[in-house]
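Please read it with the model in view.

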Amino acid sequence: MSQTDIPNIQALSTEASQLRQELQLRDQLVQQLSQELFRLVKGNTNFMPQRSETERDLSQLQALREQLQAVEQQVTFYQEQIATRDAEIYQLRQSVQELTDRSRMLEQVVQELPQIYRRKFEERMAPVREKVSILQRENRKLQAELQSVSYRLALKTRTSSHSGIDLPNFPRPVTEQGNVSAVQNA
C-alpha cells in the first residue's frame, strides 16, 4: 500500500460518514413529515388529499427510497473497500514487523561477525603457532649443535695442523748466518 492510498481511505471514510449523516437527516425528515401528515389527517376528518398530490408524494417517496438505496449501496461499497484496505494495512504491518525483526537480527549478526572471525582465526592459528614454536625450538637446537660442531671442527683443524704435520728441521749453517738473518728481516 502506498502513501497515496492512505489519504484516499481517509477521504472515503469521511465521505461515508457524511453520507450516513445525510441518510439519518433524511430519515428524521421523513419521520417528521409522516408524523405531521398523520396529525393533520387524524385531526381533520374533512381533509382528503387530492389524488394528484398523493401520487406526487408517492413518486417523491419512491425517488427518496431509490436515493436511499443508492446511498446504502455506496456505503456498503465503501465499507467493503475500507475492510479490504484494513486487511492490507494489517498484512503490511505484519510484514513491516517481520522485516524489522529480521533486520535487527541481521544487524546483530553483522556486529558479531568480527568477533566470530577473530575467534575462528585464533582457533586456526593455534596449531600454526604451536608448530612455529616447535620449529623455532628445533632451529635453536640445530643452531647450537651447528655451533658446537663448528667449534669442535675449528679446534680439531687448529690442533691437527700444528701437531699433525711434522716439518723437517734443517740445521743452520754457521757461515751463512748473515744471509739467513737478512732473509729473515726481509
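1. With which residue does D101 form a salt bridge? The partner is R104, and the closest N and O atoms of the two lie 3.8 Å apart, where a salt bridge means a side-chain nitrogen of Lys or Arg within 4 Å of a carboxyl oxygen of Asp or Glu. This is a predicted model, in which local features need pLDDT of at least 70 and side-chain atom pairs count only at pLDDT 80 or more, whereas totals for chains, interfaces and linings use all residues. Residues are numbered from 1 along each chain as its sequence is written, and side-chain values use heavy atoms, with hydrogens and water left out.

2. Both D101 and R104 belong to helix 2 (residues 51-163), where they sit three residues apart, about one turn of the helix; helices here are DSSP runs of H or I with at least four residues, numbered from the N terminus. D101 is partly exposed at 38% relative accessibility, while R104 is exposed at 52%, given that buried means under 20% relative accessible area, exposed over 50%, and partly exposed in between (1.4 Å probe, protein chains only).

3. In helix 1 (residues 5-43), E36 and R39 are likewise placed three residues apart, about one turn of the helix. Their side chains meet in a salt bridge of 2.1 Å, N to O, and E36 is partly exposed, with a relative accessible area of 36%.

4. R129 and E122 form a salt bridge as well, with their closest N and O atoms 2.9 Å apart. R129 is partly exposed at 45% relative accessibility, and E122 is partly exposed at 40%.

5. By the rule used here, the count comes to three salt bridges.

Note on methods. Helices (H or I, at least four residues) and strands (E, at least two) are DSSP runs, numbered from the N terminus.
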